[in-house]
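Me: I would like to learn how to read some features of a protein model. Could we take them one at a time?

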Protein chains: 2
Amino acid sequence: MNIAILFGGSSFEHEISIVSAITLKKVLKKSNLSFIFVDSNREFYLVDAKNMKSNHFSDGAYKKDKKLLLKKGAFCTVGMMGLKEQNLGTVLNLIHGRDGEDGKVASLLEFNDIAYISPRVDASVLSYNKLYTKLYAESLGVKVVPYSVLNSGDSRDVELKYPVIIKPVRLGSSIGVSIVKSADELDYALDVAFEFDNQVLIEPFIEGVLEYNQAGCKTSEFELSIIEEPNKEEFLDFEKKYLDFSRSGTVNDAEIVPELKLAIQESFKKVYANIFEGSIIRCDFFVVDGEVLLNEINPIPGSMANYLFDDFEGMVERLITKLPKESAIKIDYSYIHSIQSAKGGKRQ
Amino acid sequence: MNIAILFGGSSFEHEISIVSAITLKKVLKKSNLSFIFVDSNREFYLVDAKNMKSNHFSDGAYKKDKKLLLKKGAFCTVGMMGLKEQNLGTVLNLIHGRDGEDGKVASLLEFNDIAYISPRVDASVLSYNKLYTKLYAESLGVKVVPYSVLNSGDSRDVELKYPVIIKPVRLGSSIGVSIVKSADELDYALDVAFEFDNQVLIEPFIEGVLEYNQAGCKTSEFELSIIEEPNKEEFLDFEKKYLDFSRSGTVNDAEIVPELKLAIQESFKKVYANIFEGSIIRCDFFVVDGEVLLNEINPIPGSMANYLFDDFEGMVERLITKLPKESAIKIDYSYIHSIQSAKGGKRQ
């Protein structure tokens, strides 16, 4: 299969997207891969597989690579002889955070009729914004971690039961997130969060909460990963985060009772269907008093959560054959023709 | 001011977008206008002002116009000498329905750093889908018309109090919408609606409900239109719909008590702020038992609801100076550099 890994972007997670892409190069062994880098200025570059090393980007060496232009039907190089279409295959959107997860990349690819693996624009907007995720999940009958919302202009004089966790409504990878243990720490944590967004969520911070991650997608049927009980540290430092985004091994299935496993799987399927079709996502759940609560949807998980699947590459291939397509709309100008004949042939 | 009217699109409302654009040509008298047509195949064309007549499009004559390509920073023509940037000014997104209202056009323009008047991608997704509109409004404390949701696979054996109105969750301009007066009409109405979408809303149809439309935008402050009491006919036939999208006169302010006017204005402001910044929208409200209920958000109203404003062109100019801009994200590769030094200088 021809697969073009699209990575980078104008995102706080630009660098970990590079790490994700390098990892997927190792994971997708049988596929014919191309690499499209989006630099911080949102220019596209076609990167040779042999240059897929982190310093190629951090040193700016990528700037000597071929620039690409996206037009209807294909990415193109621009040369002396005009535009030249590059047949790169299905795009795998691996841009974490802004651009990749907020609906922009999905829109660019959809509008230009490029086949792609990614949440579509609506699924992107609902999962990129943690408040909208809650509204969406609740509308499906999927329970969520309780929350309140604070806008940057609002009074900070709020009654809270500490500890709480403060999150900007957008952004991933714990950026701008703080755990607040008492009222005197609140102001600073809100300042930090409002640096990144004008709306924040406040949730109870549940010490030692049971946490489970479920990834999956829908090909001809649902293909669900094992359920992982993730690392419990409060925050990952850069070295651990790097390990997290460069994971390519396998992990063990969480040891949980069958009823809980089924409840997690059912919640995942409710969240996924139908708006996430075409994408591989990871949902992070908490279990509190035996109840499964959706914590977050990770619409483009680090290295696509490949390490949670037995046959990741096979699944990607199957997904490529089942990508959703917008319905065609036939425009026959019957409406304008009707107006014109109603006007007695007078053309306006 | 240089303004580029973007219209057409791969949308069921393609033709009325053409009517809207022709109308705005008459309304924006002082501006230096360009016209960018998106044909049904999503190719961009630069249309001469003198060709802004409906038959130029319905006859296919537009295909002889210059094709445009959208790249970082500008729309370009493609010629013998390569790409030539066209300085067309701020884009006014006038594509009704799919492409224009679903977030795709906003994404294309945002990603490519083109200034534009339109709901941004998140506001687009929330207003394009009538179910998400309800979830969003309810989260703000704005009351909505009561509703239930039916998916295309669901049992149709539902208890309803007739009459009801059936709406596909997406699409505007009454497409796929039916009023169902008794149970034996339900099946057919659902068939029609599911032709257009896999999810429909069912709402009570309230005969003779009081309906009020409020348009506006936020420049340095809110600029609200008069409140209109719209035409009460159940459905507009094509001739009336044409009139509706080509309106350029003025209408009278609805005769309502000051308290109701204020309540409508306050609801509009809640819905608009902050995610609709950069756009001119119209909200349609019902008043039932003295309560203001949001019926729909029209993110790109027909001919931009120009006829509801005293100084539409002045407002557009003021809005152009107040368009929101995504924050810049500085990417300094400090994270990758840290990994590299942690590895003792070994580059991976």
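Me: Which hand does the crossing of helix 4 of chain A and helix 4 of chain B have?

Reply: This is a predicted model. The crossing of those two helices, helix 4 of chain A and helix 4 of chain B, is left-handed. Their axes come within 9 Å and cross at roughly 110 degrees. Angles of 65 to 115 degrees count as roughly perpendicular, so helix 4 of chain A and helix 4 of chain B are roughly perpendicular to each other.

Me: Which residues of helix 4 of chain A and helix 4 of chain B meet?

Reply: From chain A, Val121(A), Asp122(A) and Val125(A) take part, and they meet Val121(B), Asp122(B) and Val125(B).

Me: How do helix 5 of chain A and helix 5 of chain B cross?

Reply: The axes of helix 5 (residues 130–139) of chain A and helix 5 of chain B cross at roughly 115 degrees and come within 10 Å. Helix 5 of chain A passes helix 5 of chain B in a right-handed crossing. Leu135(A), Tyr136(A) and Ser139(A) make the contact with Leu135(B), Tyr136(B) and Ser139(B).

Me: At what angle do helix 4 of chain B and helix 5 of chain B pack?

Reply: The angle is about 110 degrees, and the axes are 5 Å apart. Helix 4 of chain B and helix 5 of chain B are therefore roughly perpendicular to each other. Here Val125(B), Leu126(B) and Ser127(B) of helix 4 meet Tyr132(B), Thr133(B) and Tyr136(B) of helix 5.

Me: Now the sides of a single helix. Which residues of helix 8 of chain B are buried?

Reply: The general idea comes first. An α-helix has 3.6 residues a turn, so residues three or four places apart point the same way. In helix 8 of chain B, the buried residues are Ile264(B), Ser267(B), Phe268(B), Val271(B) and Tyr272(B). They cover an arc of only 130 degrees around the axis, which puts them on the same side of helix 8 of chain B. The face turned away from that buried side carries the exposed residues Pro258(B), Glu259(B), Leu262(B) and Glu266(B).

Me: What covers the buried residues of helix 8 of chain B?

Reply: The cover includes helix 5 (130–139) and strands 13, 14, 15 and 16 of chain B.

Me: What span should helix 8 of chain B have?

Reply: At 1.5 Å a residue, its 15 residues, 258–272, should span 21 Å. The end C-alpha atoms of helix 8 of chain B are 21 Å apart, which agrees.

Me: Which residues are buried in helix 10 of chain B?

Reply: In helix 10 (residues 334–342) of chain B, they are Tyr335(B), Ile336(B) and Ile339(B). Seen down the axis, these buried residues fall within an arc of 100 degrees, so they line one face of helix 10 of chain B. On the other side of this helix, Ser334(B) and Ser341(B) are exposed.

Me: What should I look for in the backbone?

Reply: Most residues other than glycine have a negative phi, and most peptide bonds are trans. Asp113(B) is not a glycine, although its phi is positive, about 65 degrees. Met304(B), also not a glycine, has a positive phi of about 55 degrees.

Me: Is Met304(B) buried or exposed?

Reply: Met304(B) is buried, with 28 other C-beta atoms within 10 Å. Asp113(B) is partly exposed, with 15 other C-beta atoms within 10 Å.

Me: Which peptide bond of chain A is cis?

Reply: The bond from Tyr162(A) to Pro163(A) is cis, with omega near 0 degrees. Pro163(A) is found in the loop between strand 9 and strand 10 of chain A. In chain B, the bond from Tyr162(B) to Pro163(B) is cis.

Terms used. Residues numbered from 1 in each chain as written. Chains lettered and ligands numbered in written order. Predicted model: local features only at pLDDT ≥ 70, side-chain atom pairs only at ≥ 80, totals over all residues. Helix = DSSP H or I, 4+ residues; strand = E, 2+ residues; numbered from the N terminus. Expected span 1.5 Å × (residues − 1). Buried ≥ 20, exposed ≤ 12 C-beta atoms within 10 Å, placed from the backbone. Arc of directions from axis to C-beta. Contact = placed C-beta atoms within 7 Å. Axes fitted to C-alpha atoms, helices over the stretch in contact; angles between N-to-C directions. Parallel < 35°, antiparallel > 145°, perpendicular 65-115°, else oblique. Left-handed = near helix turned anticlockwise from the far one by under 90°.
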